[in-house]
Each structure stands twice: as structure tokens, then as C-alpha cells.
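Trainee: I am new to this one and would like to go through it with you. Could we look at it together, step by step?

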Amino acid sequence: MIEYDIVIVGGGGAGLYSALWTAENTILKVAVITKVYPTRSHTGAAEGGINAVLTHSVGDSPEAHAYDTVKGSDFLADQDAVDIMCKMGAAVIYDIAHRGVPFSRRPDGRIAQRPFGGASFPRTCYAADKTGFYILQTLYEQCLKNNVTFLNEWFLLSIIHNGERVEGITAWDIRNGGVHLIKTKAVILATGGHARVYWNRTSNALGNTGDGTAAVLRAGLPLKDMEFIQFHPTGLAKTGILVTEGARGEGGYLRNKEGERFMKRYAPEKMELAPRDIVARAIQTEIDEGRGCGPNGDYICLDLTHLGEEKINERLPQTREHAILYEGVDPVKEPIPIAPTAHYSMGGIDTDKLGRTPIKGLYAAGECACVSVHGANRLGGNSLLDVLVYGRLTALEAVKYADEAPETTPSLAKVKDDERRILELMESDGKEKIADLRKELGNVMMKHFGVFREESSMKEGLEKLYEIKERAKHIKVYDSSKKFNTDLITALEFLNLVDLAPAIAVPAIERKESRGAHARKDFPNRDDKNFLKHSVIKLKEDGSYELSWKPVVIKKFPPEERKY
Ligand SMILES: Cc1cc2nc3c(=O)[nH]c(=O)nc-3n(C[C@H](O)[C@H](O)[C@H](O)COP(=O)(O)OP(=O)(O)OC[C@H]3O[C@@H](n4cnc5c(N)ncnc54)[C@H](O)[C@@H]3O)c2cc1C
């Protein structure tokens, strides 16, 4: 048995910032476990930037930021949490800038800010179009400087708790093989999102399979607002790889096959810079109604040609590189073919405004958590902010808790359980292939739980998800070695997605309204009377999913019609 006082699971932005704040505020024994090497976490792929009101953001205020966030969330965000996040914005930006993040600057040397979707002021701080990359590298280097202990290439399997407190976790050592019990007083889950459930068309890294979220579900604990998945409007047409919102922030146009800037029909004021749910629906509608571009009419054109080569090279170098590499199009000369792509999980582990779960000592931060600061639709640039603010807050909460928490002895049952599960996968003579089933899962999610949804299609989709879950019992891991068994990891990740998919589908069917990213053709309007509430879902021991609801925290901003 390995023993620490605090274990942070995840080496992305949330995990590393949490580790840093823990290391600097305690002499307790802390470790970060991560399945990929920290600098390969998905945070490194974040391009466009991070929102915050800085001292030189003239006219802007944390209150305006909070209002934009709440309105963007279609009034489902908890306003006490949004308040905390927006007020802490400047503090975390200056903190990471002082630690070395090379933010792009204005001519006067202050941190530059660009306009982003749904924001009433330009408040997105950026480092060219590689913001997440610079943040991740800087935080990792700072963690090394502070002697943070890393268990790299360790895979979280299960969470151990006694119904009141967390007692430890189990994890698979990828390098050497073997299930280990890690005893700890506090656990901060920072395992990232689960948009990979839309396997075939997503902007997400291969590893964004919601492992921590699925472990929480299997531990009998609640997930919140899982029906809300964000489709980013601009994924490259062929692959779903992201083109940052910064491309529209810098002045890019969206055009249909007639060359029309169609956003004027959907969001006349904000145009291309309306929030993501609205732009994604507009694009999908143009495609569905026959105004898409290309020989099959299945994409829309993102036109940057009027920005000029110099601006594109300075502000959007990675966008140009990706368009040339993956789409064969140079945005300096031609528009980029794009279509919506599954991008972000608004839902996740149910936490309160300080990142606490119903189990003492168990916290969640970053994309795996649903605090909720994003409600039904996240604004671009608010996730990196959420990652840092809650990385820091959960660190301070965990330190406080672990300092005083009583000793408990975790039972070995979970270790035995996980060993048996892994042995069964290795010894299975099942005929189902993970690669095929995973593709099917992605197709079902996209077809039945995509940008637009409706009851009969979703019910059919849920049946298919249960069938996939049944068939997933017969997958086989072909590699029987213990060391670096990537076949086994692929299986464990896939099984996590299989557990999470119905947790998205069940509340999606029951939420009979359209709100934020959840757009129902059969219920096109928001229904505050019946659905101004969070969905909460649990997995029961008999394998069924149990849905309940809980109230939204409303403070300064009463729900109003959402117009842009
Ligand atoms: C292409 C792209 C661009 C984006 N651009 C922006 C942007 O410009 N601005 C913005 O605000 N947001 C952006 N986002 C969203 C934002 O980047 C993410 O929400 C955020 O970085 C998530 O950070 P995280 O620390 O929660 O998780 P991640 O960075 O995804 O890290 C997850 C960590 O958990 C670990 N982990 C996962 N499962 C296990 C397991 N079973 N065992 C052990 N470890 C595990 C992984 O190893 C990894 O270290 C973007 C997202 C994408 C996909």
C-alpha cells in the first residue's frame, strides 16, 4: 500500500495548479497521479485564451463578466460560484503571468485581451493561439521547482470511500503493471472532460474519456447536468480538430454556399461572436437546409482572408498550420471548411461552489467537475479560468481538510474487485472489438444526442446505448503483457465512456425544454417553470440510472430572454 495525505488525480491545468497551491501551502505528503505525462494533457491544446477582468480592462467589471457567464449559461449556472470565479479572474492571471506564462502584450506592455463569444467586452487574455500550451508548460515547470511528487503513467481505477469520507483510490501502474491501493485523506479529481464519447467527431484528445467522472458514478456518487455537451461551431470539416474561437474573435466571417454571412439571421447584433450553442445551431441549420458548402453541402466556410497574412501569422499561427496540414487549405488565400464538433462537457461530478462533493475529502476541479459555473452552455475562455480558480480553491480546501481528518483504513475489497475486472478482460474469449464498438458508440451519440435532439430519436438512441453496454461485456484485450499494455488502457477508457453515455442520455430525454447546448426540436423553448433546475444522476447497484433534480442558485441575475 502506498500512502499520501492528498492525492491529485490529473496533470492538466486543474491538477497542476492544484498541486502547486498544495505544495506551497502545506508540508503534508502530496502526489499527482496522471495517466499521460502531464505536459500531454488536453489543457495543452487550448488555443484561444482565458477570460478575466484585469486592472486595465476599461469599462469592464467582474460583475459584467458574471452577467455574461450567467446569460451564456442560459441561466443554469449557480450564481454564487460564478461570482467567485469572476472575482478571482485577475488574481489567477497575474499569478500565472508572474510564474512565467508569456501572455501576448499590448504595445504599452500590458496583457492583451481579445473579444470572444458572448462577452460584452474584450476580456480574453491569450498567448498567440497556444494559450493552454504555455499555461501547462509553465505550471509543470513550477511544480518541478516545488518538488511536487508525480506518479506519471498511473491510471485511476476506483475511488474508495466509507459513505462519509474518502479513504483512498486504486490505480493501475501503466509502466510496470499491477493494481495498487493508494491510501489518502483527500482526493482532488482533475481528470478532464468526456467529449470523446462522441468518438468520431470531437476536438478532444484521445484520453478525454471521463475516467474520474465514471469512477465517481461507479462509486455511487452523483453527476450533475450531464445532458449538456458543448458543440464547438468550428471544427475542421474532415477531422473535427478545433479552429479556435479566436479566429472569429480576430474578425473571421462565417459564410454559407451563397457567400452570405448568415449569422445576421440568427444573432444580428453579435453575429459570429454569439455564444457557441447559438453559432453551432446556426451552422447546423444552414447545412441541414441545403446552404452548406462543398460538393456534399456538409460544411460551412470560415473566411479569414480579409485579415491578411501578417495578422494571421501573428495571432493565429496554429490555426493556419492546422488548416494547411489537415484540410489542405491556406486561410490566407481561401476560407477554411468547418462544421460543429463535440468539444466540452458542461456536466460532470456534482460539486458545490468550493469544489466539494457529498463525500468528505473528495473534491473535483476543472472540466471533470460540474460546479456549476457554465450551466447549459460554457463561454469560450471560461474553462481555463474555471480550471485555475477551482484548481486553487480545491487545493486550499483539501489542505484544510487533510490537516485535521481522522485516520481511516481503506478496505481491500476494491483492489480485489479491480484485479478481477482486469483479469477478466485479459482472459475473456469475447468476440466484440473495441474499435468497432467505440465507433458505434460515437455514431449513436452524434445521431441521437447531437446538436439537435428529439424524444423518439433519443429513446431509440438510449436503447442502442444499453445494447452497446451489454455487448461491451464481451470485449477482449489481446495484449496479455503487464508492462505498457495500451490495449488494456484502451479497454478501460472505452468502458468508462460506455458507463457515462446513458448518464448523458437519460437526463437529455427527461429535460423537456431547450436550454443552452440542449436543443430539442420537440420542445424549442426554455421552460423555467419546470426545468430551471440541475439534473442529478446516479448509477444504482443493479445497473440502472437514477435521475433526480436540484435547485439552481440564483442571486443577482433573474432569468430573462436570451438575445444576442
Ligand atoms: C482543442 C481544445 C481547445 C480549447 N481551447 C480553450 C480555450 O482557448 N480556452 C478555454 O478556456 N478552454 C479551452 N478548451 C477547454 C479547456 O482546455 C479544458 O476544459 C481544460 O483544459 C481542461 O483541463 P483539466 O485540467 O480539467 O483537464 P485536462 O487538461 O484534460 O487533464 C486531464 C488530466 O487527467 C489525467 N487523467 C485522466 N484520466 C485519468 C486516469 N484514469 N488516471 C490518471 N489520470 C487521469 C490526464 O492524464 C490529464 O493529465 C479547449 C479544449 C479543447 C479540446
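Trainee: Which residue in the hairpin of β22 and β23 takes a positive phi?

Mentor: Helices (H or I, at least four residues) and strands (E, at least two) are DSSP runs, numbered from the N terminus. This is a predicted model in which local features need pLDDT of at least 70 and side-chain atom pairs pLDDT 80 or more, while totals for chains, interfaces and linings use all residues. Residues are numbered from 1 along each chain as its sequence is written, and side-chain values use heavy atoms, with hydrogens and water left out. The hairpin has five residues between its strands, and the one with a positive phi, near 90 degrees, is G543.

Trainee: How many bridges pair β22 with β23?

Mentor: Two strands pair if DSSP finds at least two bridges between them. The strands β22 and β23 (residues 545–551) run antiparallel, and the number of bridges is seven.

Trainee: On β12, which residue has V536 of β22 as its bridge partner?

Mentor: Strand β12 (residues 223–224) is also antiparallel to β22, and two bridges join them. The residue that partners V536 is K224.

Trainee: How many of the residues of strand β22 are buried?

Mentor: Buried means under 20% relative accessible area, exposed over 50%, and partly exposed in between (1.4 Å probe, protein chains only). Strand β22 covers residues 533–539 and is largely enclosed by the rest of the structure, because the buried ones number five of the seven.

Trainee: How far apart in sequence are the parts that R123 and D60 tie together?

Mentor: A salt bridge is a side-chain nitrogen of Lys or Arg within 4 Å of a carboxyl oxygen of Asp or Glu. The side chains of R123 and D60 meet in one, at 2.8 Å from N to O. R123 lies in the loop between β5 (113–114) and β6 (124–125) and D60 in the loop between β4 (50–51) and α2 (62–72), so the parts they tie together are apart in sequence by 63 residues.

Trainee: Are R123 and D60 buried or exposed?

Mentor: R123 has a relative accessible area of 1%. For D60 the relative accessibility is 11%. Because both values fall under 20%, the word for R123 and D60 is buried.

Trainee: Which helix holds both D277 and R281?

Mentor: D277 and R281 form a salt bridge, with their closest N and O atoms 3.5 Å apart, and both residues are buried. They sit four residues apart, about one turn of the helix, and that helix is α8 (residues 276–288).

Trainee: What area is buried between domain 1 and domain 2?

Mentor: Domain bounds come from an automatic or database domain assignment, which gives domain 1 (2–228 + 346–404) and domain 2 (242–340), along with domain 3 (412–521). Buried area is the accessible area (1.4 Å probe) that two parts lose on being put together, summed over both. Carbon and sulfur atoms give 44% of the area between domain 1 and domain 2, and the total is about 1,700 Å².

Trainee: In domain 1, which residues lose the most area to domain 2?

Mentor: Together they make up 30% of what that side buries, and they are E47, R114 and D129.

Trainee: How many salt bridges does the rule find across the interface of domain 1 and domain 2?

Mentor: R114 forms a salt bridge with E250, the closest N and O atoms being 2.8 Å apart. Across the interface of domain 1 and domain 2, the count of salt bridges is one.
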